[in-house]
Amino acid sequence: MDSVALFFTGALVAGGIYWFLCVLGPAERKGKRALDLSGGSISAEKVQDKYKQYWSFFRRPKEIETAEKVPDFVDTFYNLVTDIYEWGWGQSFHFSPSIRGKSHRDATRLHEEMAVDLIQVKPGQKILDVGCGVGGPMRAIASHSRANVVGITINEYQVKRARDHNRKAGLDALCEVVCGNFLQMPFDDNTFDGAYSIEATCHAPNLEEVYAEIYRVLKPGSLYVSYEWVTTDKFNAEDEEHVEVIQGIERGDALPGLRAYSDIAQAAKKVGFQVVKEKDLAAPPAEPWWTRLKMGRLAYWRNHVVVQILSAVGVAPKGTVDVHEMLFKTADFLSRGGETEIFSPMHMILCRKPMS
């Protein structure tokens with residue numbers, strides 16, 4: 001092989017490696033590198049055991065239907081998946097409808113901004129992010145509204161990540177993060193001028209309990225909006241494929257059990273909220289929210305190869321491969337749920353706490 005052919009062969013190989021590792025890599029997921037994947041607050045040597053413990057909850061399903069067991073269940077899940085979510089998806093752990101002519105990043109931001117627009121807060125007012133994760137929505141909402149946002153998450157590692165991101169974004173003056181259980185929030189009654197939750201209260205074993213807590217900490221007259229994970233009117237509990245998809249979503253996303261769309265407003269009214277508006281934001285004519293999952297399958301495969309290599313050489317903790325594979329399979333269940341229209345991750349409900 002002459003020197004010219006050797007040069008072009010080398011350039012082709014180098015280009016292929018760059019494409020495989022960078023172009024196919026996490027596209028909007030800046031801020032977490034593959035080399036930094038961890039088990040959150042779980043020590044590296046215990047990640048695999050905690051993964052097995054997570055799956056053991058599903059052998060005792062009644063335990064994840066109680067307020068006493070859910071914090072450990074959800075906390076374990078987010079210790080396992082937070083770094084992978086950030087690396088492979090981004091800092092906003094939720095879905096959004098696709099918008100023609102807009103990037104996934106812009107579609108996500110607009111979906112978040114809509115939430116704070118709906119609750120009609122003014123600059124300087126204090127609002128609550130219920131289940132804030134690492135704070136992607138919080139930062140978008142604070143930047144858009146200039147409101148002071150207080151986020152709560154059960155996971156200490158997410159608190160650390162959110163605070164780091166807030167500081168780097170120059171938003172730590174507007175964004176505060178608290179570690180706590182949204183079923184027993186460490187806030188006084190009538191504290192907040194508004195509240196929102198984006199695909200977070202699905203982790204509550206009983207929706208009325210978390211809605212009652214949100215109701216308690218809101219000032220009278222304030223608005224609360226939530227994007228809920230639900231089964232739609234197209235879900236048939238007698239259809240084996242439907243049941244398989246929904247159970248796959250539940251087990252891969254730490255859910256005590258998905259609720260029917262018809263349960264949401266009922267739960268809000270029971271705790272005293274007035275329902276102002278209710279709409280499935282995933283329903284047509286909205287563009288499919290699951291296209292990002294399907295378009296990213298090649299990247300998921302690439303990421304899985306990277307995780308396997310990093311785990312084999314001891315950079316990523318043992319068990320990381322299992323966690324990534326679980327999320328890969330869950331992505332397929334989510335896509336199927338979206339395509340068959342039996343599942344929505346964005347059933348929107350807007351509520352008001354009465355003045356008296």
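In which sense do β1 and β4 pair, and over how many bridges?

Author: They pair in the parallel sense, over three bridges; two strands count as paired if DSSP finds at least two bridges between them. Before going on, some housekeeping: this is a predicted model, where local features need pLDDT of at least 70 and side-chain atom pairs count only at pLDDT 80 or more, while totals for chains, interfaces and linings use all residues. Residues are numbered from 1 along each chain as its sequence is written, and side-chain values use heavy atoms, with hydrogens and water left out.

Helices (H or I, at least four residues) and strands (E, at least two) are DSSP runs, numbered from the N terminus. Back to your strand: L128 has A195 in β4 as its bridge partner. On β5 (residues 218-231), β4 has another parallel partner, this time over six bridges. There, I198 is bridged to Y227 of β5.

How enclosed is β4? Seven of the seven residues of this strand (192-198) are buried, so the rest of the structure largely encloses it; buried means under 20% relative accessible area, exposed over 50% and partly exposed in between, with a 1.4 Å probe and protein chains only.

G135 sits in the loop between β1 (126-130) and α5 (136-145), and G135 is buried at 0% relative accessible area. Leaving out residues up to four places away in sequence, G135 touches Q91 and A162, where contact means heavy atoms within 4.5 Å. D164 is 29 residues from G135 along the chain, with 9.8 Å between the two C-alpha atoms.

Another buried spot is T330, in helix α12 (residues 320-339), with a relative accessible area of 4%. Beyond its neighbours within four places in sequence, T330 is in contact with G248, I249, G252 and D253.

Then there are the rings. Those of Phe, Tyr and Trp (its six-membered ring) pair if their centres lie within 6.5 Å; planes under 30 degrees apart are stacked, over 60 edge-to-face and the rest tilted. That rule gives 17 aromatic pairs. One of them is Y54 with F77, a tilted pair at 5.5 Å centre to centre and 35° between the planes. Y54 belongs to α2 (residues 47-56) and F77 to α3 (residues 70-88), so this pair ties together parts 23 residues apart in sequence. Y54 is buried at 0%, and F77 is buried at 1%.

F95 and W289 have ring centres 4.8 Å apart and planes at 55°, so they are tilted as well. F95 is in the loop between α3 and α4 (104-118) and W289 in the loop between β7 (274-280) and α10 (291-295), so that pair ties together parts 194 residues apart in sequence. F95 is buried at 8% and W289 at 3%.

Ring pairs also link up into a cluster, with Y54 and F77 among its members alongside Y51, W55, F73, Y78, Y85 and F93. Finally, two charges sit over rings (NZ of Lys or CZ of Arg within 6 Å of the ring centre and within 35 degrees of the ring normal): R292 lies over the face of W89 at 3.7 Å from the ring centre, and K353 over that of Y215 at 4.9 Å.
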